[in-house]
Amino acid sequence: MEGMDLLLKSMEDQNDAVFPFSAIIGQDMVKTALMVAMTEPRVHSVLIWGNPGTAKSSLAKSVYKIAPDIEARIGCPFHCAPKSKCPRCEKEGETSLERPPVDMLPPSLARASLDLLKDQNDVKNSFLATLNRGYLILDGVDSYDKKAVAEILELSRGKGKYSWNPVFTVIGTYDAGLSEPPEIVNQFDIFASTDIVDDLEGRIEITKRSMMHNGDANQFSLQFAREDATSAGRVRRAVGELEKTFLTKRAKEHLAKTASKQDVEMVQRVSKAIAALDGKKWASMEDIDEAWELVAGSRETLVGGIVRL
């Protein structure tokens, strides 16, 4: 196997063993945010923040279990869409459905992976290129070069200026309360905070599930396969219904009163995705409130420093 093939195989093996989405106890706000990002392609990034040890990394990686399949060129390491071109695909070819790539970008590779996109001949060696049309995890955004994170977020929005520009959804994590949030966190599209499970029964169940997963990840995943499939089905249906989902008149009025001018468009997008995930044709005032919390409320709590360990 060539280096790139080995990398892709390694990513595949890691993703098969990730903690199931539905096996994570609680964390409803974060799960909603992640499903919104899978549903609405104009939500390009999610920041999961909260206290250390609250499953932020597991939540980020668990998107592999429920994200919709993508139609991609057979054999293309960059998961090209049917009519697009990449450094490996010069002309149209056969396609098939495949799992979207999901992986963490080590902080030490961030700048180098961006630099490799500058030259068409080097793109094939860029870690970021392998995550095209997938999900890029920045685990601990404060440990990355801030300029690199800014450029990665621009790539996610389709505004890259390289010889070839991969596009992906960015999922960042941040341990709140340990330091002042870096300014770069403001550039994420939506935000969700994790909860602390502090009841004894819940903590015992978390420990039990963690031990079972560590013992046999594949067998453990099978126990939650049906629930993960249900969540995946919700996302697939929502993707199909999103363009036919609208805001009620009262929801539009509530949006105008609730969201700031800079947040109105994103709150509207997120509220429609929430409604579609719930199987509704019309987004309500309650959906607006939930969307505002993801777009602005959680961000203001984090950046405003109202974080308690």
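Q: Ground rules before we start?

A: This is a predicted model, where local features need pLDDT of at least 70 and side-chain atom pairs count only at pLDDT 80 or more, while totals for chains, interfaces and linings use all residues. Residues are numbered from 1 along each chain as its sequence is written, and side-chain values use heavy atoms, with hydrogens and water left out.

Q: How many of the residues of H2 are buried?

A: 10 of the 12, so H2 is largely enclosed by the rest of the structure. Among the buried ones are Val30, Lys31, Leu34, Val36 and Met38. Buried means under 20% relative accessible area, exposed over 50%, and partly exposed in between, with a 1.4 Å probe and protein chains only.

Q: Which other residue has a positive phi near 55°?

A: Histidine 79, which is not a glycine either. It lies in the loop between strand S2 (70–73) and strand S3 (95–98), and at 9% relative accessible area histidine 79 is buried.

Q: Back to helices. Which residues of H7 are buried?

A: Gly202, Arg209 and His213. They cover an arc of only 35° around the axis, which puts them on the same side of H7; the arc is that of the directions from the helix axis to the C-beta atoms.

Q: Which ones are exposed on the other side?

A: Leu200, Ile204, Met211, Asn214 and Gly215. What covers the buried residues of H7 includes helix H8 (217–223).

Q: Change of topic: cores. Which residues touch the most other members in the largest nonpolar core?

A: Leu34, Val36, Met38, Ile48, Ile171, Ile190 and Val270, out of 49 residues in that core. Helix H11 (residues 264–277) gives the most to it, with 8 residues. A second, separate core has 36 residues, including Cys89, Ala110, Leu117 and Leu136. A nonpolar core here is a set of buried Ala, Val, Leu, Ile, Met, Phe, Trp, Tyr and Cys residues joined through side-chain atoms within 4.5 Å.

Q: What does valine 270 touch?

A: Not counting residues up to four places away in sequence, valine 270 touches Val36, Val43, Ile190, Ala291, Leu294 and Val295. Contact means heavy atoms within 4.5 Å.

Q: How many disulfides?

A: The count is 0, where a disulfide is a pair of cysteine sulfur atoms within 2.5 Å. The sulfur of cysteine 86 has its closest cysteine sulfur in cysteine 80, at 3.3 Å, too far for a bond. Cysteine 86 is buried at 4% relative accessibility, and cysteine 76 is buried too, at 7%.

Q: Where is serine 284, and is it buried or exposed?

A: Serine 284 is in the loop between strand S9 (282–283) and helix H12 (285–303), and it is buried at 17% relative accessible area. Its side chain makes a polar contact of 3.1 Å with the side chain of glutamate 286. A polar contact is a pair of N or O atoms within 3.5 Å; within protein, one must be able to donate a hydrogen and the other to accept it, and residues adjacent in sequence count only if both atoms are side-chain atoms.

Q: What about aspartate 287: buried or exposed?

A: Buried, with a relative accessible area of 3%. Aspartate 287 belongs to helix H12. Leaving aside neighbours within four places in sequence, its contacts include Ser271, Asp278, Lys280 and Trp282.

Q: Last one. How far is isoleucine 184 from alanine 150?

A: They are 34 residues apart in sequence and 6.9 Å apart in space, C-alpha to C-alpha. Isoleucine 184 is buried, at 7% relative accessibility.

Methods. Helices (H or I, at least four residues) and strands (E, at least two) are DSSP runs, numbered from the N terminus.
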